[in-house]
Amino acid sequence: MTRILAVANQKGGVGKTTTVINLGASIAVHDKEVLVIDLDPQANATSGLGHDEAENFGIHNFISGEHSLKESTVKTEVEGLCLVRGARHLAGTEIELASQEEREFFLEQALSSSDLSGYDYVLIDCPPSLGLLTINALVAADGVILPVQSEYYALEGLSHLMETIRRIKAHWNKSLSVFGVVLTMYDKRLKLSREVEEEANEFLGKTLFRTRIPRNVRLSEAPSYGKPVILYDAFSRGAKSYMSLAREVMAR
Ligand SMILES: Nc1ncnc2c1ncn2[C@@H]1O[C@H](COP(=O)(O)OP(=O)(O)OP(=O)(O)O)[C@@H](O)[C@H]1O
Ligand SMILES: [Mg+2]
């Protein structure tokens with residue numbers, strides 16, 4: 001069965017795209033087939049996986065139903081990791097969607113009419129908002145991974161997001177669940193990181209992944225080479241942490 005996971009947080013810069021790219025690559029090296037869908041008009045997952053944004057045959061033609069999944073998918077440098085490329089004009093698509101009926105269901109419809117049987121995991125990179133694109137991702141997904149930066153107010157934003165997830169579950173997608181929360185840019189030497197961790201533990205219990213993603217410069221350098229960190233510096237703490245997260249995700 002294919003597991004469809006949206007990686008979402010309305011807060012910007014918390015590590016959504018870094019998680020999509022590196023979790024995707026780390027799952028793929030375990031002999032799994034992974035599809036990354038870049039649903040963010042910033043198209044950072046696309047460039048981080050070594051591709052240019054899509055003029056054509058990318059996410060916008062896929063969700064509009066013009067092009068099939070097969071036509072919309074490209075390979076990446078990682079064996080088993082494929083990508084539906086994002087594009088800046090997806091922001092325009094979001095506006096077009098807004099006036100249409102069933103506007104929450106475009107991605108869900110595109111995916112449910114596609115043959116996903118070749119994929120073990122589909123990871124959807126969401127933009128930093130709770131707008132229509134993120135809602136489309138949450139309606140299409142069966143689980144959400146929430147990256148949370150280890151800083152003040154992180155958990156306040158999280159409760160807002162949890163409320164949105166509850167609403168989407170109630171109205172549009174009964175099978176949606178919070179698959180897990182991952183603490184990113186974690187620095188155990190910082191009191192603040194430890195405090196956020198403690199609070200997250202208390203508030204989230206088992207929903208919190210045990211893996212912490214450390215602040216690691218290799219993780220921030222790798223996208224400028226268009227590579228996941230395992231191809232850039234496999235021995236870095238960043239690479240090891242995403243491998244550990246991949247094992248947790250596969251076991252869940
Ligand atoms: N664990 C980390 N250690 C060091 N740098 C990181 C880490 N995670 C992410 N970064 C860097 O922080 C910045 C934001 O990360 P990223 O793009 O993954 O966040 P995002 O949530 O996708 O942002 P946006 O909301 O804009 O889509 C990037 O420059 C990224 O390289
Ligand atoms: Mg991003």
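## Ligand 1 and some residues of interest

Ligand 1 is surrounded by 18 residues, and the closest are Lys-16, Thr-17, Thr-18, Pro-214 and Asn-216; a residue is near a molecule if one of its heavy atoms lies within 4 Å of it. This is a predicted model, where local features need pLDDT of at least 70 and side-chain atom pairs count only at pLDDT 80 or more, while totals for chains, interfaces and linings use all residues. Residues are numbered from 1 along each chain as its sequence is written, chains are lettered from A and ligands numbered from 1 in the order in which they are written, and side-chain values use heavy atoms, with hydrogens and water left out.

**Contacts of the ligand**

- The side chain of Thr-17 has an N or O atom 2.8 Å from an oxygen atom of ligand 1, which falls under the definition of a polar contact (a pair of N or O atoms within 3.5 Å; within protein, one must be able to donate a hydrogen and the other to accept it, and residues adjacent in sequence count only if both atoms are side-chain atoms).
- For Gln-42, an N or O atom of the side chain is 3.2 Å from an oxygen atom of ligand 1.
- Asn-216 takes part through its backbone: one of its polar backbone atoms is 2.9 Å from a nitrogen atom of ligand 1.
- Taken alone, ligand 1 exposes 630 Å², and the protein buries 80% of that; accessible areas come from the Shrake-Rupley method with a 1.4 Å probe, and for residues only the protein chains shown count as cover.

**Where the ligand sits**

- The largest pocket holds ligand 1. On a 1 Å grid over the protein atoms alone, a pocket is an open set of points where a 1.4 Å probe fits, with protein on both sides within 12 Å along at least five of seven lines, and a molecule sits in a pocket if more than half of its atoms lie within 2 Å of its grid points.
- Helix H1 (16–28), strand S8 (208–214) and helix H10 (217–221) are the elements that give two or more residues to the shell around ligand 1; helices (H or I, at least four residues) and strands (E, at least two) are DSSP runs, numbered from the N terminus.
- H1 provides the largest share of this shell, 3 residues.
- Sorted by class, the shell has 6 nonpolar, 8 polar and 4 charged residues; Ala, Val, Leu, Ile, Met, Phe, Trp, Tyr, Cys and Pro count as nonpolar, Asp, Glu, Lys and Arg as charged, and the others, Gly among them, as polar.

**Buried residues**

- Ser-26 is in helix H1 and is buried at 1% relative accessibility; buried means under 20% relative accessible area, exposed over 50%, partly exposed in between (1.4 Å probe, protein chains only).
- Ser-26 and Leu-245 are 219 residues apart in sequence, yet their C-alpha atoms are 8.4 Å apart in space.
- Asn-61 belongs to helix H3 (residues 59–63) and counts as buried because its relative accessible area is 6%.
- The side chains of Asn-61 and His-60 make a polar contact at 3.3 Å.
- Leu-176, in the loop between helix H8 (154–171) and strand S7 (177–186), is buried at 0% relative accessibility.

**Positive phi values**

- Most residues other than glycine have a negative phi.
- Glu-102 has a positive phi near 55°; this residue is in the loop between helix H5 (90–98) and helix H6 (106–112) and is partly exposed at 47% relative accessible area.
- Met-185 also has a positive phi, about 50°; this residue lies in strand S7 and is partly exposed at 22% relative accessibility.

Methods
1 Å grid on protein atoms, 1.4 Å probe; cavity = no way out; pocket = protein on both sides within 12 Å on 5 of 7 lines; lining within 4 Å.
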